[in-house]
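Please find below some notes for a colleague opening this structure for the first time.

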Amino acid sequence: MTRLQWFLRLSGMTQERFGERIGVTGVSVGRYCRDRSDPDHRQPRRGTGDKMAALTQGQIHLGNYADPISEDIAQAMMAEIDRRAKVKA
């Protein structure tokens, strides 16, 4: 699974809700989640990528959103998102 797919799964956020938060449709988020080799894969635009990074405390951005990661790395990513969110609060 990709970094973005793991985020959605572990956060409990739907593609539609994530899309609302970053200003795109759930369909677009689904295309971002696809493997880069998939002909339906789409890369977010820079502004959308910036919103994605802000929402995920910088853990998911244009450079890594479609990278495949393991569950262990995904768990560590989510812990870092939580840690950074608490620091900002």
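1. H2 and H4 pack with their axes 9 Å apart, at an angle of about 110°. Axes here are lines fitted to C-alpha atoms, for helices over the stretch in contact, with angles from 0 to 180 degrees between N-to-C directions. H2 and H4 are therefore roughly perpendicular to each other (angles under 35 degrees count as roughly parallel, over 145 as roughly antiparallel, 65 to 115 as roughly perpendicular and the rest as oblique). From H2, the contact takes Phe18, Arg21 and Ile22, and from H4 it takes Thr48, Lys51, Met52 and Leu55. By class, these residues are four nonpolar, one polar and two charged. Ala, Val, Leu, Ile, Met, Phe, Trp, Tyr, Cys and Pro count as nonpolar, Asp, Glu, Lys and Arg as charged, and the others, Gly among them, as polar.

2. On the basis of these notes: this is a predicted model, in which local features need pLDDT of at least 70 and side-chain atom pairs count only at pLDDT 80 or more, while totals for chains, interfaces and linings use all residues. Residues are numbered from 1 along each chain as its sequence is written, and side-chain values use heavy atoms, with hydrogens and water left out. Helices (H or I, at least four residues) and strands (E, at least two) are DSSP runs numbered from the N terminus. Contact means heavy atoms within 4.5 Å.

3. H2 also meets H3. The axes of H2 and H3 come within 7 Å and cross at roughly 105°, which makes H2 roughly perpendicular to H3. On the H2 side the contact is made by Gln15, Glu16, Phe18, Gly19 and Ile22, and on the H3 side by Gly26, Val29, Gly30, Tyr32 and Cys33. Five of the residues in the contact of H2 with H3 are nonpolar, four are polar and one is charged.

4. H1 (residues 3-11) and H5 (residues 71-88) have axes that come within 10 Å and cross at roughly 65°. That makes H1 roughly perpendicular to H5. Arg3, Trp6, Phe7, Leu10 and Ser11 of H1 meet Glu71, Ile73, Ala74, Gln75, Met77, Met78 and Ile81 of H5. The contact of H1 with H5 has eight nonpolar, two polar and two charged residues.

5. Which residues of H1 are buried? They are Arg3, Leu4, Trp6, Phe7 and Leu8, where buried means under 20% relative accessible area, exposed over 50% and partly exposed in between (1.4 Å probe, protein chains only). Their cover includes H2, H3 and H5. After H1 comes Gly12, with a positive phi near 80°.

6. The largest nonpolar core has 18 residues, of which Leu4, Phe7, Leu8 and Phe18 touch the most other members. Such a core is a set of buried Ala, Val, Leu, Ile, Met, Phe, Trp, Tyr and Cys residues joined through side-chain atoms within 4.5 Å. H1, H2 (15-22), H3 (26-33), H4 (46-55) and H5 each give two or more residues to this core. Setting aside residues up to four places away in sequence, Leu8 touches Met13, Thr14, Gln15, Phe18, Val29 and Cys33.

7. Pro44 sits in the loop between H3 and H4 and is buried, with a relative accessible area of 3%. Not counting residues up to four places away in sequence, Pro44 touches Tyr32, Gly49, Met52, Leu62 and Tyr65.

8. The loop between H4 and H5 holds Gln57 and Asn64. Gln57 counts as buried at 15% relative accessibility, and its phi is near 55°, a positive value in a residue other than glycine. Asn64 counts as buried at 9% relative accessibility. What does Asn64 touch, not counting residues up to four places away in sequence? Its contacts are Arg3 and Gln59. The C-alpha atoms of Asn64 and Arg3 are 7.1 Å apart, although 61 residues separate the two along the chain.

9. Ala53 lies in H4 and counts as buried at 19% relative accessibility. Beyond residues up to four places away in sequence, Ala53 touches Gly58, Ile60 and His61.
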